[in-house]
Amino acid sequence: MRLGSNSGMTLLEIMVVIVIIGLIGSLVGVAVFERLGEASDRTARIQIGSIQQACDLFRLDNKKYPSSLSELANPPGRGSKRAYMPKVPKDPWGNDYQYRNPGSQNKGGVDIWSTGEDGAEGGNDDIGNWQLDEADDEE
């Protein structure tokens with residue numbers, strides 16, 4: 001055994017390792033957050049498609065689209081008494097989906113959309129049922 005031998009790491013070496021780990025972590029973090037944004041958009045598109053299908057079923061049974069999305073979970077007393085959805089979901093950002101009947105984007109149908117991450121209507125992050133076919137073409 002040799003006395004005075006330095007077999008440990010210096011403070012400088014430890015700091016270099018910490019900086020390298022921090023750089024790698026920041027690169028991975030950016031990639032993960034980009035994927036989270038994509039996942040939220042995809043979730044909104046899937047939920048809008050499900051709501052659209054429930055509206056179409058409501059129309060088949062009742063000869064008209066619902067006057068509000070709440071009618072999908074709580075249908076009117078006449079006609080079919082089944083719920084078309086157990087509950088209308090909120091969008092991935094915690095906001096209510098917007099609904100317009102009759103639709104201005106879907107002539108002869110209804111408009112269903114999310115105001116996106118910013119929660120304000122009219123931004124580039126809005127996602128509507130009129131865009132679903134376009135999104136399928138891009139993938």
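For the first search I took the rings of Phe, Tyr and Trp, with the six-membered ring for Trp, and counted two rings as a pair if their centres lie within 6.5 Å. The model I searched is a predicted one.

Entry 1, aromatic pairs. I searched the whole structure and found two aromatic pairs. One of them is formed by Trp113 and Trp130, with 6.1 Å centre to centre and 55° between the planes. I recorded this pair as tilted, because planes under 30 degrees apart count as stacked and those over 60 as edge-to-face. I then looked up where the two residues sit: Trp113 belongs to strand S2, and Trp130 lies in the loop between strand S3 (127-128) and helix H3 (132-138). They are 17 residues apart, and the pair links distant parts of the chain. Are the two residues buried or exposed? Trp113 counts as buried at 5% relative accessibility, whereas Trp130 counts as partly exposed at 25%.

I noted three helices and three strands in the protein chain. Along the sequence I read the pattern α-α-β-β-β-α. Of the 139 residues, 29% count as buried. Among contacts with a separation of 6 or more, 40% are between residues 24 or more positions apart.

I checked the backbone for exceptions, since most residues other than glycine have a negative phi and most peptide bonds are trans. Lys63 has a positive phi, near 65°. I located Lys63 in the loop between helix H1 (11-62) and helix H2 (70-73). The residue is exposed, with a relative accessible area of 71%. I also noted a cis peptide bond between Asn101 and Pro102, with omega about 0°. Pro102 is found in the loop between strand S1 (98-100) and strand S2 (111-114).

I placed Asp91 in the loop between H2 and S1.

Notes. Residues numbered from 1 in each chain as written. Predicted model: local features only at pLDDT ≥ 70, side-chain atom pairs only at ≥ 80, totals over all residues. Heavy atoms only, no water. Helix = DSSP H or I, 4+ residues; strand = E, 2+ residues; numbered from the N terminus. Buried < 20%, exposed > 50% of the residue type's maximum accessible area, 1.4 Å probe, protein only. Contact = heavy atoms within 4.5 Å.
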